[in-house]
Amino acid sequence: MAAALAALLGASSAARAEPSPPEPDPGPLPGLVALVPGALLHGSGHWVAGDRGTARRLLVLSGVGLGVAAIGAAPLALSGAARRVNGPTIPLILGGAGTFTLSWIADVYGAFGGASLAGRAPAPSRWWIELGYAHVYDPQFAYDHFAVIDTSWRAGDLRLSPSAWIATDDDNQRLRLEAAHRIGRRGDGWIDVAAAATYHRYGSDDFASALGEISVTGRLDLAEVGASLRGSYAELTAGVGLELVDYRLAGVPLDVNDLLLGRFAYGFYVGELAELELSYDHRRDDFAAGLSPGANQGSGFAGHVGARARFWASPSWGLTAEVVSGAALIARVGAAWRFGDGGER
Amino acid sequence: MMRAMMVLALCAACVRPADERALLDFEVGVGAGDGVEVEVAGGQAAVREVGAAGASLWAQAPVLELRVASTEARAGWLLDVANCMPSAVLSLPDRTVEREPGSRPARCRFAVDLAAGEALTARLAPPDADVVEPFRVVVMGDIQTGMDDVHEVFERIDRVPGVRFVLSTGDVVEDAEPEEYQAFLAQVARLDVPFFSTIGNHELTQDPEQWHRLFGRYNVHFAFKGVSVTLLDSGNASLDPILYDRLDGWMEGAEAVHVFGTHYPPFDPIGVRSASFRSRKEAAKLLTRLAAGGVDATFYGHIHSYYAFENAGIPAYISGGGGAIPERFDGVGRHALSVDFDPAGAEARDRVVVGLVRVD
């Protein structure tokens, strides 16, 4: 993950070092090229749009992503996923795959003309409160409907984010508290270290889990990679967790399991009115858990994917929506309020 | 609108990828042809072929209760049961039927006379099937790319004293090509005892219904000599919700010892690797059920090595040493597990005793 982040930062340095490129001409054709042949040759869309510098940087990023993933995958495959090899290699695979995917999405965004959306991350607010409803379709469990409370308090570099998912039709509650500290900034990008604790009670299924985790998240403002990517960002997260499972049966001991956490996301802003984010999250301990491609082979490797949108009706309140697909399908809507000065971006 | 509905339908299929297989199990155990009908109680055997001359079955349990009805009288009608217990006897209400000579130990062939319009009921079982006493089986998994040499594993299993049958947690094949299944059938025919198996993820690589046509159920459950065995289909890194209801019923009616097997371990003992159920919460749900149901031991595959650990206080064993690409540096190589059952054991650790059978 660190290698992938370094590659992204390196690409942004290269962009700043180059002389100003000619004005690119994004549009439907460059966008379509970015989608289809561009899925293999990242940067193709920008190349067709005339932005050769950004095209090259995206191609290099995709190569770095593939290379990092291969560096992780090779020893994993050769060792037959040996128990002592997994720890160092799987994070490389995730980071590399994330970088590869993000460079493709960036090509699509810029080639279609995403920079014209003139997006920018809003200034952080001291308080964020979101109240919402989530529908969780998981045939393994009895619940469907959840009341969701998501809050955040920020002061300077410190953020505290408690949240709760409370089922309204089943005995199921998920409580989480995350604390994060911003350790670095670069433009609208940043690096946070975070620690979180989650307690999830499955009352009607007679078990509960408690998870402690630490993670590092880096967000890169992609305007640093190319002007055509203005208003968008890439995020990578890496972490580890320790989960205790309490089976709530007399005489049955706790189980303790470690987990690897990894996430990558691509997001962009529309002015300061709206935000859309696409993400992949490798964790399988939450409601969404892991994807299955269907009845055939391929389950058990991946986490879940999601898309989240926020629309600000005014500087202080807005609407949010999210869909997630994994072992469960989740659709969530909410209203959010933000107020107070949250300090530096 | 239609496109959105298609996407939703596809997503819904991803949420229950194994539902069709779970329902197919209810169709196993019946077959008809040329005026002859064969029914195996509980779907405990796949009825591959039925005709005027005989029927061909693949047994998925040590004891089969059969019903055969014919519209015409037929003398010397041949009942050919592959994957049967070596000492199995075909018992009719009034007599037993001798095995036809020349069969391999795990292939039973019997010639019976069918009366027109009358159903013949029979039981195919070893004479000691209902005697509650200690006995031994072998557990293995993950043959896959080791198919060409799996006869070496089977020969090693045949040398384990007193083994009654093999339990497999799946990934018998690598790519689910028809030729691989034929190769497996040729190899398993060399085993002196039957091979009772569920599927893994590799059986789903193409045409998952090949398993159904050849072997019958994806989910196996039977009782033998005071021990209940349950092998469930987790080929999609999950159990279909239907199976939890079936599992509850099987645990309620279980014998003195109950062992559970499935391909994916609910939790990978190497957490970072997470070669396990695709939902950790479903994993916890399953283990809660197994602990509440008094399961004595659990067996898994998928990971090509040997691990012994505990989940929810239940002894757990991963044995994926059937010949697939191995986990390196584990010091194990190809292997199987010998499992000694003693239904009269005072403690759980006495009722199921597991040992490592090294092949290499």
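Analyst: S44(A) has a relative accessibility of 13% and so counts as buried (under 20% relative accessible area; exposed is over 50% and partly exposed lies in between, with a 1.4 Å probe and protein chains only). The model is predicted, so local features need pLDDT of at least 70 and side-chain atom pairs count only at pLDDT 80 or more, while totals for chains, interfaces and linings use all residues. Residues are numbered from 1 along each chain as its sequence is written, chains are lettered from A and ligands numbered from 1 in the order in which they are written, and side-chain values use heavy atoms, with hydrogens and water left out.

S44(A) belongs to helix α3 (residues 44–48) of chain A; helices (H or I, at least four residues) and strands (E, at least two) are DSSP runs numbered from the N terminus. A polar atom of the S44(A) side chain lies 2.5 Å from the backbone oxygen of L41(A). Leaving aside residues up to four places away in sequence, S44(A) touches V33(A), P37(A), G38(A) and D107(A), where contact means heavy atoms within 4.5 Å.

Chain B holds the disulfide. A search of the whole structure finds 1 disulfide over all chains (a pair of cysteine sulfur atoms within 2.5 Å), and this joins C84(B) to C108(B) with an S to S distance of 1.8 Å. C84(B) sits in the loop between β6 (74–82) and β7 (89–91) of chain B and C108(B) in strand β9 (residues 107–114) of chain B, so the pair ties together parts 24 residues apart in sequence. The torsion about the S-S bond of C84(B) and C108(B) is about 90 degrees, so the disulfide is right-handed. C84(B) is buried at 3% relative accessibility, and C108(B) is buried at 0%.

Next, the open space. On a 1 Å grid over the protein atoms alone, a pocket is an open set of points with protein on both sides within 12 Å along at least five of seven lines, a cavity is a set where a 1.4 Å probe fits but cannot get out, and lining residues have an atom within 4 Å of a point. Grid points are joined across faces, edges and corners, and a volume is the space filled by probe spheres set on the points. The largest pocket holds about 780 Å³. Of its 29 lining residues, the closest to the centre are L76(A), A81(A), F301(A), A275(B) and H302(B). α5(A) gives the most to this lining, with 4 residues.

Key
A polar contact is a pair of N or O atoms within 3.5 Å; within protein, one must be able to donate a hydrogen and the other to accept it, and residues adjacent in sequence count only if both atoms are side-chain atoms.
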